Structures are given as structure tokens and as C-alpha cells.
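Please look over the model below, then follow the questions and answers that come after it.

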Amino acid sequence: SQQGIRQSPESPAEHPEEAMVSSRMLVALVFATALAATYVPSAFVSAPSSGSSSDVALRGAASAATYGALAASAPMPAEAWTEKGLLQFGQVFALFFLFFWVAGFVRMMTIGRL
């Protein structure tokens with residue numbers, strides 16, 4: 001009776017375990033790629049040769065491109081802040097310094113001299 005209705009695919013939010021596993025696999029893959037790029041002989045610049053300057057090229061360009069691609073694909077830490085998180089940080093920050101201000105003021109008043 002409901003042959004015309006098509007069900008939507010499941011959203012990734014319904015399976016957080018799978019999302020966590022895939023993110024861990026991505027981190028492991030990025031780490032393994034960076035480690036492999038470190039041990040490639042072109043990752044290090046050799047000493048300058050005494051030959052002509054025409055055969056001098058950018059050495060290590062492949063590993064630099066790999067590191068650049070990995071850095072560009074990683075999320076920026078500042079993108080993780082929300083307004084709620086900043087407000088909570090502000091409350092803790094204010095209470096922390098209020099405690100030290102009150103403690104210093106009490107100490108100054110109980111010492112008997114300014």
C-alpha cells in the first residue's frame with residue numbers, strides 16, 4: 001500500500017560509534033602518511049653540489065607538498081569554540097581572579113599597614 005514512499009538513508013548521527021572509528025582511522029592514516037614522508041630520501045635537503053646551478057632544483061618538494069596537504073586538511077582549533085564555551089570560560093576566568101583579588105585585599109587589610 002505504501003510502495004511509492006521511499007525511506008531516507010540513515011544519518012551518520014544515528015551511529016556515533018562508526019563516526020568515531022572512522023575519525024580514528026583518519027588520524028591514524030594521516031600519522032602514517034606523515035611518518036612515511038619523513039623517511040623518504042627526498043624529505044631531506046642534501047648538501048649543495050659543486051655542479052652548475054641549472055641542475056639545482058627544489059629538493060624535498062614532494063614531502064613539503066604532503067605536509068602542506070595534511071596541514072590544510074586538519075580542522076583549525078579555533079573553529080571548535082562556541083559562544084557557550086566562551087561564556088563558560090569567562091565565568092571561570094572572572095571567579096578565579098575575583099578569588100585572588102579578595103584574598104589580596106583581605107591580606108592587605110589584616111596586615112595593619114598599607
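Q: Is Phe96 buried, partly exposed or exposed?
A: In this predicted model, Phe96 has a relative accessible area of 47%. Because buried means under 20% relative accessible area and exposed over 50%, with partly exposed in between (1.4 Å probe, protein chains only), that value makes Phe96 partly exposed.

Q: What kind of model do these values come from?
A: Residues are numbered from 1 along each chain as its sequence is written, and side-chain values use heavy atoms, with hydrogens and water left out. Local features need pLDDT of at least 70, side-chain atom pairs count only at pLDDT 80 or more, and totals for chains, interfaces and linings use all residues, since this is a predicted model.

Q: How many aromatic pairs are there, and at what angle do the planes of Phe96 and Phe97 lie?
A: Rings of Phe, Tyr and Trp (its six-membered ring) pair if their centres lie within 6.5 Å, and planes under 30 degrees apart count as stacked, over 60 as edge-to-face and the rest as tilted. By this rule the count is 6 aromatic pairs. In one of them, the centres of the Phe96 and Phe97 rings are 5.2 Å apart, and the pair is edge-to-face because the planes lie at 90 degrees.

Q: Which residues form the aromatic cluster?
A: Phe97, one of the members of this cluster, counts as partly exposed at 45% relative accessibility. The cluster as a whole is formed by Phe89, Phe93, Phe96, Phe97, Phe99 and Phe100.

Q: What span does helix α3 reach from its first C-alpha to its last?
A: Helices (H or I, at least four residues) and strands (E, at least two) are DSSP runs, numbered from the N terminus. Helix α3 covers residues 83-111, 29 residues in total, and is followed by Gly112, whose phi is positive, near 95 degrees. With 1.5 Å taken for each residue after the first, the expected length is 42 Å, and the span that α3 reaches is close to it, at 42 Å.

Q: Which element has the highest mean pLDDT?
A: The protein chain has 3 helices and 0 strands, and from the N terminus on its elements run α-α-α. Its mean pLDDT (the predictor's confidence in each residue, from 0 to 100) is 74, and 60% of its residues reach 70 or more. Helix α2, residues 61-73, has the lowest mean among the elements, 77, while the highest, 91, belongs to α3.

Q: How far apart in space are Ala62 and Ala37?
A: Ala62 has its place in helix α2 and counts as exposed at 53% relative accessibility. Ala62 and Ala37 are 25 residues apart in sequence, and from C-alpha to C-alpha their distance in space is 8.5 Å.
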